[in-house]
Each structure stands twice: as structure tokens, then as C-alpha cells.
Amino acid sequence: MDNKSVILIIEDEKGIANFISAILKANDYKVIKADSGKDGISMAASYSPDLILLDLGLPDMDGIDVLKNIREWTNIPVVVVSARGHEREKVEALDLGADDYITKPFGTSELLARIRTGIRHSEKHMGGNLLAPSSLTVGEFRIDFDKRLVSVAGKAVHLTPIEYKIIVLLSQNIGKVLTHDFIIKEVWGPYTNEIQALRVNMANIRRKIEENPAEPQYIVTQVGVGYRMVEELEK
Amino acid sequence: MVDLRDMRPNPDDILEDLFGNEKNRKGRLEIFFGYAAGVGKTYAMLDDAQEQIKCGVDVLVGYIEQHTRPETIELMAGLPILPPKIVEYRKIQLNEFDLDAALKRKPELVLVDELAHTNAPGMRNKKRYQDIEELLNAGIDVFTTLNVQHLESLNDIVQNITRINVQETIPDKLFNEADKVRLIDIEPDELLRRFENGKIYRPERTEKALEHFFTKENLRLLREIATRKAANRISHDNQNEPRLSQKMANIKLLVCISASPSSAKCIRWTERTAEAFRAPWTAVYVETMESDSLTDLEKRSIRENLALAERLGAEIVTLNGYDVATVIAEYAKLSGITNIVIGKSRNRKTIGNLFKPSLEDKLITLLSSIEIHIIPGNVVANKNTLSKRKRIRIGQNLFWSWQDGLKTLGLLIGSTLLSLLLQSLNISDQNIIMVYILSVLIISRVTTGYLYGIIASGLTVLIFNYFFTVPYYTLHAIQEGYPITFIIMLLVALITSALTVRIKTQARLAVEREHRTEVLYEINKKLLASADLQSTITLINDYMAQIFGRSAIFYAQDPMENITPTFLQSPLDSDASFLLSEDERAVAHWVFMNKKSAGAGTDTLMGAGAFYMPIVSQGKVLGVIGLSCSNGNLSQNNRLFLRIITSQLEMALERHYLSNEQRRASIESEKEKLRSNLLRGISHDLRTPLTGILGASSAILENGTALDKETQDTLVANIKEDAQWLIRMVENLLSVTRINEGPMNVRKTPEAAEEIVAEAISRIRKRFSSRKITVKVPNELLLVPMDGTLIEQVIINLLENAVKHSPERSTIEVDVRKTKNQAVFEVSDQGSGISDQDYPYLFESYVPDGKRSTDSSRGMGIGLSICKSIVNAHNGKIEAENKKNGGAIFRFTLPLEGSEDNG
């Protein structure tokens, strides 16, 4: 049995499906394709792929419904493909259990990065009791979870408890986008609407850890959706 | 190049669409028409329905009478049947057509038997034909059955033939406007045979019916009427209408309505005649001073007669005046009436009326050129009411009041004293007579009614006789001339008193009329002055409460669309907050949908607490007005007045709607212009990269091996570049579609300015990784209400513009600042700056040919114009200028307030 990861592409546009599968094949993934929601669901069930790339605009059913259906019975990572300007759709998909999204049009590197992150997170899932790492480093940014210490270029950064909570949450899901609602719920608890507070905290975090808050390196904004902590610095 | 102008929607089409949505398709009505029960209408109807269902029409049997014969029942096999609604009335269970269920089910075709049926009390509509009108309005086709005796206009004729008073009638309008009428006809002999076999009624009823109705002669006559009616319909359909109406244009009928029951006969006669000539007709009711003294019964019968005339399609006019004939004659002359119809009852010729010329005589005298039709009335019916009315009239004019009595007495004593004085001065009898006549005149003037005038007339004669004729202080008159003097004096006194009373009454009527005209004028003036819809509505409610003393409610839209109606509680009325209840709203909704009055005092939804009237203009309901009826229903007069007011209101509302419509249309056309300019602007730009992609890709596909690796890579790189350009263009275009609904549609949420800037810069960096961009943001977090995606697009466009127009190694600066109440975003470059030639067109989407600078021939030609649209939609400002030390600076500001959502 070869060790290639299997990616299911649910996409009705032949051209896009072709080019995605070409990229993936070239990068040592095994690819299966479905061109409708129904086929996609049944193929997800029969092949049990390592990751699903789901286009939200499908001819036979709403992509969101496909996602709901899949999430009823499996935790296979799902990366949603959606167009720019459909931010609400993305947020909805993420809140319904999609692991990540990618905006059309996308480049090769972006696609591969999303897929890598998606598969890695699911491996963590499957691993179950894998001990959480005691530290995390991205570029010059470092978190020591045991000491509850955050530092940039070796200098310790003083964070408030809330700020620390946000950073830890993002780092636990490093590479994944977290919606505003998700972060708020995790940090402040349910039944609150602290989007303003989240923005203020995020601005403060950036001023503490980023060189220029208008050009953040570590925590990037996904306008209209949420925040993401990057796994590796862009060159 | 495709001429895009042709693709622009025609503004007329847009308007058409706006109206078109409201104009629902009306259902078609097909009537199966027969001359008596048992001719086979229901059978034919079901037969046809079977045919329809075979053609795939969604048929529903709404209601079929219970006494239907077995053969007919058999025909219902296979048709879906709506279960009847069971209504309990006086402990009897009645089956009724379930209108709401039918409307809910919404089939294409509904079968409802017996058009003329009267619904059980408690149903929404009084009559079944109203149910059917609702079905038609809902766009459902209807098959129904009808017998000739149920037609309103033929009602009296049939009654004459059969001697049976048919209570259930339907307005002729329904019959005339039906899309199809199918005459179901069989020989009377055959019908009688069916009848005797008990096929029509159950045996116990058969005998009774046979005696009264089903005689061969009756049937033959009914058949004739029915056939003729159907034939009339056909001949109308076939005739060349415009020519006919031209020819008959000069005929206009007028029917006079009184409280007499024979009026109904006149109305029906007039309707038939008008129908035959296709002429318009008017029903006139003249209010005289007698009108106040009518009994309730008479008032009701006048109301009913007016309602009947209205149902039959007459124009209703109420006139005021002392003399009926004069008033009618005046009206007829003014409105070009050619024929007048009046009813005449024989019992009018009482002794009292012997010398009074009859109405028709007076009319003939006054109007020599107008034809007068006299319809004989029913003799017996109104004898009672007439004498009753007389009693009341006498009662009213001859009532006694001590105050007036004292006045009379005082004046008589005064004039007697004056006369005694005159006599002592030896002034002659004639002058004394004058003094007395003067006193009678004054008495008539200052008292109410005829009584004092008459008493005074008698008394003056007696007093004159007693004091001033020889022998004095007796009632004897010796001189020969005196009896004549007495008689003349009495007559003069009587006539003067009668005249004075009449003048007073007329003055009162005139004042009333004057008041109404004044109110109307005032309303009209205020309506014209009112600037917007809401003030118009408030104004009308005020007037309603003021004029009618009732609480008023006004719906400017469909009451079911969760709008808040304008409600006004009148101080004179009892608590009318029930008008706001759900039930009343439903009634108003019905009125809105059916374009008909309903509620208290009407035939529809009479259980409602208020009277509702739609305001209809050109087939479109502009609003519904409701008047509380908790203190009694509206009188016919009030309703007429209300109608006049609503017609004023109609115009005012229409004016508002039209101006709104116009505004919307002009906005629409403005938007359209913008869009088409935009399309024209980019269509050229789009073709260039597409040609490039097509060429490069086909070059690779067709000459794959022949090309060296380097050339291939270049071609592929070109494709990528062009495609990226196209994507950016499309994203810009999508931004435009997001804002083209106008400023109100930008969804603003507070966003951190730095995050938006960062996102934009990171996207630009991906494309132009070699360019140096510096960013400055304020130290404080700056939250700006905006649509993040759109503002990001603005920044991207500005950055891209800067990248394009500045040298490769120079720096682009982005600066975000906060001023007092706005956020300022600046993008500056170190390029050549903006040329004077370009400056005026910088933010225009379409630049006149030849004036466009070369480097934008395939640049972001529309980028800046989109920036402008987006910033404007945020109520911000965008501007550009050249820096002193070279390079251009683009600056836009966004207001910090006005966020719709602070959450």
C-alpha cells in the first residue's frame, strides 16, 4: 500500500478540477474527483479520503448542505473553495465544521499550504492523545506553553491574560483560519458579542509582537472572516 | 465591437415591470346559464370539467348542491372534491362553499354551483358571487351555474311572470363581464317530464313547485327571456363597439330614486334600457326638506335603492333642493341627460295633491327636449308609509314650543297696540291691515315651522275684526267688504308665512351645501399643499375625524405587509383601538386585495367594526381608509361624501406615487447610464488580454514541440499575467455590483483600519514582490465603519495605480491618520504625477475617445472610478493631487460616525 494521501475534489468545473488535480498529482497526492454534491458524498463515504476540497457552488445541491451531510458522520478535514466577496458563506462553512477555506482564484503554493495544514491537523486528531508540544516557534516568535511565556527575537513580551488566551488559541490551530465568532466563544465564553473587544485585543497583540502592525507577519487578518496564525514566515 | 447601447433596458420596460407585478392575472369566469332548475346546467358543467381534467387542468369541485341527481353525481367521479364547510345556524347544519380552503389550495379551475346563492350568516361574504369574485381575483378560473330569474335586472320581469319573488339575485355586471356564458337549453315539455319523474326536486317538494312555478307557460316565457338575454350578450360581443358607442354617445339616462319600493323597478328598467343602448346612466336622489322627516324604514329603502343602482352600475348623485322637479331639471340640463325615468304611483292623486302639478308635468314643462319615461309603481305598498310620512311632517312643522308661542303672542299684542295707536291718530284701516301682515311676516321669520305663522294669520284676522271693524269689540262684521278683506288678509298672511318658512329651509340647505363645498375645497387645497405621503394621510385622518366624528385608520399599503397604519382616535367617538386589531386588519387586507368597500354596513365582512373603503386609481389600490362604526353605520349621504373626499385623496396619493415613481425611474436611469458607461469603458480593455491568452495558449497547443522551452515559458507567463489582470478586473466589477444599489446598501461594520490596509498590502506584495511599500498607521487602534472588502479594493486599486505610475525602485507610501471625525487614507508615489490633461477625467469611468492617456489604454481604466463610487457610497471623499517634490498623492476619507452596527 502506498502512503500517498488521498484528496477528494468535489468541483463541477472541469477546468478547475483538472488543474487542481494536476498540481496535487505533481506533489505526490492521490486524487479522486466528483462533479456533483451527491457523488461527492458517496465517494467521501466509500473512499474515506484524507482531505476533501469542496467547491461551495455545485449544480445539484448547496455546497453548505454537502458539508453538513459529511460532518454528520465523519471528521475528514474539509477545505472549502469559495469566491472572494462571499465572506459570509465562508464564515458559515467554517462554523459548520469546515477546517479551512481557500479563495478563488488561488495560487499553487497557497493551495498546497492549505492542504498540508488540513492533513496535519487531522493527523493530530487521529493521534488522539499526542501530548501538546511544550513550545512553538515561527520565525522569531516563540511561545513557551509551560512557562506561559511569549517572546519575539528573544525579548519577552508582556501580554494580558486575554491576549495570551487568544494567542494560544491561534497557535493551537496554527495555519488554520479561526472565525471571529469562534475566537470570541473560546475566549469570552458563549452568549457574548465581543467583536469590538477582540479587535482591540488583536490590535494590542500586534503592537506587541509585530514589527509593523500594518504589515503583520505572524497573525494575519482574513477580512470579513477571522484571523490566522501563519506556520512559516513568507519570504 | 458590440453596441452596448442596444442592450440597455428600455425605461418603459422597467416601469412596466414595476406595475406589472401588481397586476395579477384575473381568473376566467364561465357561466352555465339556464332558464329553470333541471335544464342540466350542473351536468353540463361537470361534463366540461371532466373534459378539462383530461387536458391536464388542475380542477377542483368547490361546491355542488346536495339535491343533485344521481346521473350528475356519477359525473363527479374522478374529480377532486373540496369538502364543504359546515356552518351551524339556528341549530341547522348548513353546507357552504369553503372559500378559504379553495383559495389556499389554489387550483386552476374551481366549480361552484348556484352563483346566486346567499351564504349562511357568519360566512365572510353575504353572497356566493362575492366568493367567486375573490376566486377570480386570485387568478383562479371558475365554472358556475345560474338561472335566469336570479339576474338582478330581470328580477321584476320574472317576478311578474311567475308571481314568485326571487330574493337571491346577482348583479348583471357579473353576467355581462363573464368570459363565457353557455346557455343550457331544453324543451319545456322535456323539462316538465323530467320534473314529473322527480328528477329535479324530491317528491314532496315537486307538487308545490309544479303548482307555482313549473307551468308550461311560465317555462316557455322564462326560456324566451333566458335565450334573449344570451342572444343579447352575443350580439353585443359581435357588434363593432367603438362605432356603436359613438352613435349612442348622446344617450344618457337618469332615474329618480325615492323611498317608494317602485323605485327599484325604475332602477332595473333603466339598467336594462341603458344596457340595451350601451348608454351611461345616473341615479339621482333629491334631498328636500322632507328628507329630514323620513321614517327609518324609508331611509333604509332609499339606501337600498341607491345600493341597488350602484350595484347595477349607475352613477349615484344626491342633490339638494326644495322642489324636486326644478332640481332634477337643472341637473339634467347641466349634465346632458337625454332620458329621465320616473316612477309613478296612483295613490299620489289624493285631494291634497289635486291642485299640485305632478312631477312629470313639471318636468315636461321645464324640459321640453328631454324624453320622460314613466314607470307605473306598485299601488298597495306605499299607502301606509305615505300617510305616516305626512303625519311626521305635520308633526315636525307644527310642533309647539312655549318660547315661540310667547314670541307670537308678544308680537300680536305689540302690533295690536300699534294699531290702536294708529287708529287713535285716525289713520285708516288699510295701514292697520299692513301692520298685521307685517307682524305675521315677522312671526314666521322668528319662529320655526308653519304653526305660528298659521295661528298668527288666523288670530290677526280675528283681532282685526274684534278691534278695528264696526261694530268695535265684537266679532261681527257689518260692513260689506270685510269678509273679503278677512279672506285676503288670511291668504296673504298664510302665503307670506309659508314663503318665509321655505326660504329659511332653503337657506339652511344652502348653508349645509356651502359647508360641504367649503370643506371639500379646503381638503383639496391642503392636499395639494401636502408635501409627502405621511402628511397627506395625517391630514385625511384629521378630516375624517372632524367631518364624520368617527375614528379613522389609513393603510398606505397592503395591510398584511406588517406596516403600521395611521390611526386617529376621534374625541367624539367611543374607544376605537379595536381598529388596530388583527381581525380588522384582515378586513382591510380583503378590501385592499379586492378593491371593494367592505366592513360594517356593507355586504362583505359585515361583522367588522368599521367601514373600509379602498382608494383606487387606475386599477391600483393606493390605500385603504377605515372609519369606525361603533356608533352606528355610515349613512348613504356620508358614504357619498366620503367617496367625494376619497376621489380628491386619490388624486393626491397618485401624485405622490407618481413623483416617487419618477424619482425611482430617474435614479434607475442614472444608474443605468453609469453601468452602460462602465461596460463600454471596459469592453475594450477586456478584449486585449483575452486575445493574448487565446493566442498564447493556441500557440503552445498547436506548436508544442516546435517551440523551445524559453518561448513556451514566456507564453505561459503571459497567459498567467493576462489571467491575473482579468481576475482583478472582475473583482473590481463585482465591487461595483455590490454598491450599485445606492449608498443605503453598503453594509458598514466597524473594521480596524490597519487590518484592511495590511490585507490590501499583502495582496499587492504577492504580485509586485519587488516593490517597496511603507505603511504608517496610528498607534491607537482605529475602528472605521465600512464594508471591509470594498475598502480593501479601493486601497488595492490605489496601490496598483501607484505601482504602475512610478519607477521600479521608488517607494510607495501608505499613511492612515485619524482627524477629528474621519479616517484619512493616503497612498503616495514618487512617479511622474498626474498630467493636467488627465486630471479632469481621473475618476471618470468613461473618457471621451482620444483624450485617454496612452498608458491607461490597458491599465486599470476603471479602477479609480470604482474607488470613487465605493468611497462615495461610504459618504466619504476621494481626491488626488501632485506632490511638490514629484509624484502623485491619492487621498480618501471615511466618516467615523454613522456605523449601523456597533456590535
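How many helices and strands does the secondary structure of chain A come to? In this predicted model, the secondary structure of chain A consists of 8 helices and 12 strands. Chain A has 235 residues, of which 52% are buried. Among the contacts in chain A with a separation of 6 or more, 57% are made by residues 24 or more positions apart.

Two helices of chain A were examined as a pair. Two packed helices are described by the angle between their axes and the distance between the axes. For helix α2 (residues 37–47) of chain A and helix α3 (residues 63–73) of chain A, the axes come within 10 Å and cross at roughly 15°. Angles under 35 degrees count as roughly parallel, and α2(A) and α3(A) are therefore roughly parallel to each other. The crossing in which α2(A) passes α3(A) is right-handed. On the α2(A) side, the contact is formed by G37(A), I41(A), A44(A) and A45(A), which meet V66(A), N69(A), I70(A) and W73(A) of α3(A). By class, this contact of α2(A) with α3(A) has 6 nonpolar residues, 2 polar residues and no charged residues. An α-helix has 3.6 residues a turn, so residues three or four places apart point the same way.

Chain A also contains an open sheet of 3 strands, with the order β10-β12-β11 and antiparallel pairing. Its edge strands are β10 (177–179) and β11 (219–222) of chain A, each of which pairs on one side only. On average, neighbouring strands of this sheet are turned by 30° against each other, direction ignored. Strands of a sheet pair through backbone hydrogen bonds, either parallel or antiparallel. Strand β10(A) and strand β12 (residues 226–229) of chain A run antiparallel and are joined by 3 bridges. Within β12(A), G226(A) is the bridge partner of T179(A). The sheet is also packed by helix α7 (residues 180–188) of chain A, which touches β10 and β12 of chain A. The direction of α7(A) makes about 75° with that of β10(A).

Strand β1 (residues 29–34) of chain B includes E30(B). This glutamate, E30(B), is buried, with a relative accessible area of 8%. Apart from residues up to four places away in sequence, E30(B) touches D48(B), V142(B), F143(B), T144(B), K180(B) and R182(B).

Just after α14(B), a positive phi of about 65° is found at G336(B).

When neighbours within four places in sequence are left aside, L726(B) is in contact with L686(B), P689(B), L690(B) and I693(B). The C-alpha atoms of L726(B) and T688(B) are 9.9 Å apart in space, while the two residues are 38 residues apart in sequence.

Notes
Residues are numbered from 1 along each chain as its sequence is written. Chains are lettered from A and ligands numbered from 1 in the order in which they are written. This is a predicted model: local features need pLDDT of at least 70, side-chain atom pairs count only at pLDDT 80 or more; totals for chains, interfaces and linings use all residues. Side-chain values use heavy atoms; hydrogens and water are left out. Axes are lines fitted to C-alpha atoms, for helices over the stretch in contact, and angles run from 0 to 180 degrees between N-to-C directions. Helices (H or I, at least four residues) and strands (E, at least two) are DSSP runs, numbered from the N terminus. Angles under 35 degrees count as roughly parallel, over 145 as roughly antiparallel, 65 to 115 as roughly perpendicular and the rest as oblique. A crossing is left-handed if the near helix is turned anticlockwise from the far one by less than a right angle, and right-handed if clockwise. Contact means heavy atoms within 4.5 Å. Ala, Val, Leu, Ile, Met, Phe, Trp, Tyr, Cys and Pro count as nonpolar, Asp, Glu, Lys and Arg as charged, and the others, Gly among them, as polar. Two strands pair if DSSP finds at least two bridges between them. Buried means under 20% relative accessible area, exposed over 50%, partly exposed in between (1.4 Å probe, protein chains only).
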